[in-house]
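This report describes the pockets of one protein model. Please examine the structure below before reading on.

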Amino acid sequence: MALAVLELLNERPMHPYEMTQLMRDRHLEHRVAVKTGSLYHTVDRLLAVGHIEVFETQREGRRPERTVYALTEQGRDAFIDRAKTMLSTIATEYPEYVSGLGAMDDLGREDSLEQLEKRLLQLEAKAAAQEVVTRKLTAEVPPIYWVDWRYTAAQVRFELEWTRELVHDIKSGRLQWIDYDTQDPALSLVPTESTEDRSDDRAS
């Protein structure tokens, strides 16, 4: 949220209500929880550390005063430095889907297939909804403002196609589960010395 606020104020001074509306118009909810309470709290924190400052107060008719905030030089430097790092540096992330995939051998074939097919339905619905948003953004918002959305939508499409292929591999038998009653798979990439080899080493 802090980075999103600094990003908007780097364009021009704004009041929090305008920030909230722009975040929703640009569909920033795919990378930040757009909640009014959280935004005001973030604005207070940024003001306290000197990243933003009060630019002016506005009053329209009987409406309450609105405080317009602007980015300080310190805030602009902090925003630019953080944005450069986030754009250039690969961060280690731990998505839940990857952990779930790692547990498929424990769930078994039928349970895994059932859960993956549920995920497919959700991914198909999400991809369809994102396509509607993408068409709206294409018509109304300059492309530079939603490059992040393009990336998120591409991730969903990739996951959808990858999961479809995984389901197909399971159904076709290309991906098989191990029967531990009849098979003794090597569970380590590091070769283990046999008891006989260790005995020979001790004798020498």
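## Residue classes

In this report, Ala, Val, Leu, Ile, Met, Phe, Trp, Tyr, Cys and Pro count as nonpolar, while Asp, Glu, Lys and Arg count as charged. The others, Gly among them, count as polar. The model itself is predicted.

## The second largest pocket

By these classes, six nonpolar, four polar and two charged residues form the lining of the second largest pocket. Its volume is about 240 Å³. The residues that line this pocket are Tyr97, Gly100, Leu101, Met104, Leu107, Ser112, Gln115, Leu116, Lys118, Arg119, Gln122 and Leu123. Helix 5, helix 6 (104-107) and helix 7 are the elements that give two or more residues to this lining.

Which helix gives the most to the lining of the second largest pocket? Helix 7 does, with seven residues.

## The largest pocket

The largest pocket holds about 1,800 Å³ of space. It is lined by 42 residues, and the closest to its centre are Arg31, Asp148, Tyr151, Thr152 and Gln155. Sorted by class, the lining of the largest pocket contains 23 nonpolar, eight polar and eleven charged residues.

Several helices take part in this lining: helix 1 (2-9), helix 4 (73-88), helix 5 (96-102), helix 7 (109-140) and helix 8 (147-172) each supply at least two residues. Helix 8 gives the most to the lining of the largest pocket, namely nine residues.

How values were computed. Residues are numbered from 1 along each chain as its sequence is written. This is a predicted model: local features need pLDDT of at least 70, side-chain atom pairs count only at pLDDT 80 or more; totals for chains, interfaces and linings use all residues. Side-chain values use heavy atoms; hydrogens and water are left out. On a 1 Å grid over the protein atoms alone, a cavity is a set of points where a 1.4 Å probe fits but cannot get out, and a pocket is an open set with protein on both sides within 12 Å along at least five of seven lines; lining residues have an atom within 4 Å of a point. Grid points are joined across faces, edges and corners, and a volume is the space filled by probe spheres set on the points. Helices (H or I, at least four residues) and strands (E, at least two) are DSSP runs, numbered from the N terminus.
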